[in-house]
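Trainee: Could you take one part of this model and walk me through it closely? Then carry on to whatever else there is worth a look, cut-offs included.

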Amino acid sequence: MGAGHTFTVRAVCPGPVGNVRCVPSSPSPVTRDRRADLLVTLAAVALALWVTSGMWRDPNTRTITVNSSDQALFEWLLAFGGHALTHGQNPLFTHLINVPDGVNLAVNTSITVYAAVFAPLTYLIGPPATFLVILTLNLAATAVAWYWLLSRHLVGSRLAAGVGALFIAYCPAMVSHANAHLNWTAGWLVPLLIWGVFRLARPGPAHRAVLGGVVLGLLVAVAFSIAAEGLFFTALALAAFLLLWALHPARRAEVRAVLPRVLAGLGVTALVAGALLAYPLWLHFAGPQRFHGTGFDPLIHSEDIAAYGSYPRRSLAGWAGFGTSLAPNPTEENSFFGVPLLLLAVACFALLWRRADRAFRATLLALGVTAVVFAVLSWGPTVKWNGRRTDQLLPFGVLDNLPVINAALPSRLALVVAPVIGLLLAYAIDALRARPPRRRASGAAWVVGFVAALLPLLPTPLLTSVREPVPVFITGGAWKRYVPPDGVLTPLPLTVDVYPDGQRWQAYALAHRQGEFRIPAGFFLGPGGPDGRGRIGPVPRTFDSLMDQAGRTGLVPIVTEGSIEESRADLRYWGVRAVVLADRVHGAKFDVDEEALRRTATALLGPPERVEDVWLWRVPAA
């Protein structure tokens, strides 16, 4: 995204003189660069550990407070992926949840690469600890990958590269998505994809373009398997940037020269990625249990315009009381840069524009327009300012009906803006170090500006809390006495996003090689929404609706002969053999009333048995 820099290491010492070896009075440039690399890496790791520190005390008993449901889902995906790999099962479709229909994981966030790579660790230390390791590595690796791209290809100053990389990796959006999103925190993929695309333009023999296309194709396949939505956004952002960059008069001759190589490399990329992703793409667009659109409302999941000038909750400013709740939920603070940073970004752009030659202005213009376009798209279908929605139609409202676009959450398009700001910060520091301001006051003003803009955004640790333990009934394997091999067991309430226990129990059994039990329902995206769109979990039936009502309200619903018959028909439909109520049920959004659940299940199914630390109702085979 700009002119690269060529560096020469000048000798700081002429060599040995007689028997006396010259010792330089200061470290060589290479030594300084290595120290800078080490310092940035240590800072990246330290910040990752700081953000996730609340869970490191005991990963098996701690959960992310604001998003324990997604954490349970990703832990289940890790356990299931490892189990599928070691048992020769399809990692992209399963009947272990949502019986009898199953779940198409290709249209969900399946993180199959992570599940396969970390399968040995999952079996060794369990899904919760593996989840925490991956989350922490994601954050640190994102900073290191951006630092590598910046320092080796875009700027000459290690300080500039470090500031830009650490900002991108720990910007409000990344810290917000660290609330359990293993897909979106895998930001290390983005600089590698950018590098892979620009590598195609390098001059050389034909086989170099082929090799570049193969490498980029592999990166695309990995990115699709970890964060398909993130890959889509990266492709859109790169396409917008490159189109704007290529159309600039200062770059047209360069574009004409490299276009054949780039197109050849992209052709190889398409072949490699297409071959690797043929089955996942078929499942995604034509497989069973597919859907179009998404299970989330784009009106709700769009960015408030005022959020761009606000501060996030998990930041130093938020800790000091300046945070806002303009995001749809705490995991989607996708902008929240604060007014000082927005002003600093504009000042950096102006500084760079004044100093840039005509060619680099093409890069700046493309970056600026890309950031503005994605910011406007992130505002969603209609304008929302400071929590108030208007009827004013925005561009995303027109694009929302297009295929693939309608599966994206507009708020997340703001994730493209943060790397652009990070690049501007890095470029500006690089320019200021190469040619400092003539007046000392001007230099001090820039330092104050950077501190005032970035210090309030320093991240604070994620909120964590104690989660309910997996019952001894599951950990001790007693469930096997009541559920035949490949049989169906259901916890109460049935597993959905707000009641994640069923998938947590199943993840424990799979990771500890206890065997398989299936569950009805589950936390997943599947068909059944309005107008053929997706929905979270299956369409409710009588039994799970009654249990949800009891657990949520603490009131036993009215039970009739009709509801008893319908509930038992539901259990036969699912093939359930055992209904289980733990003493302590984990509610992801609210406290669950276990006593109301027990009384409701007793009214529907009769008196339960006490087995280990759970209440159990046997269901005769149909």
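Mentor: Let's start with the buried side of α11: V255, V258, V262, G265, V268, T269, V272, A273, L277, P280 and L283. Buried here is under 20% relative accessible area, exposed is over 50%, and partly exposed is in between (1.4 Å probe, protein chains only). Helices (H or I, at least four residues) and strands (E, at least two) are DSSP runs numbered from the N terminus. Keep in mind that this is a predicted model, where local features need pLDDT of at least 70 and side-chain atom pairs count only at pLDDT 80 or more, while totals for chains, interfaces and linings use all residues. Residues are numbered from 1 along each chain as its sequence is written, and side-chain values use heavy atoms, with hydrogens and water left out.

As for the spacing in that list, an α-helix has 3.6 residues a turn, so residues three or four places apart point the same way. The cover over the buried residues of α11 includes β3 (103–104) and α10 (206–247), with contact taken as heavy atoms within 4.5 Å.

Now look along the axis. At 1.5 Å a residue, a straight helix of 35 residues would span 51 Å, but α11 spans only 40 Å between its end C-alpha atoms; the expected span is 1.5 Å times one less than the number of residues. There's a kink of about 65° at L277, shortly before the proline P280. That bend is the angle between axes fitted to the seven residues ending at a residue and the seven starting there. Both L277 and P280 are on the buried list from above.

Next, follow the chain on to R313, whose side chain meets that of E333 in a salt bridge (2.9 Å, N to O). R313 sits in the loop between α11 (252–286) and α12 (316–319), and E333 in the loop between α12 and α13 (339–355), 20 residues apart. A salt bridge means a side-chain nitrogen of Lys or Arg within 4 Å of a carboxyl oxygen of Asp or Glu. E333 is buried at 3%, whereas R313 is partly exposed at 28%.

The whole structure has 17 salt bridges. One of them joins R467 and E75 at 3.1 Å, N to O. R467 is in the loop between β6 (464–466) and α18 (472–475), E75 is in helix α3 (residues 68–86), and 392 residues separate them. Here both partners are buried, R467 at 5% and E75 at 4%.

E468 is buried at 16%, while R584 is partly exposed at 46%.
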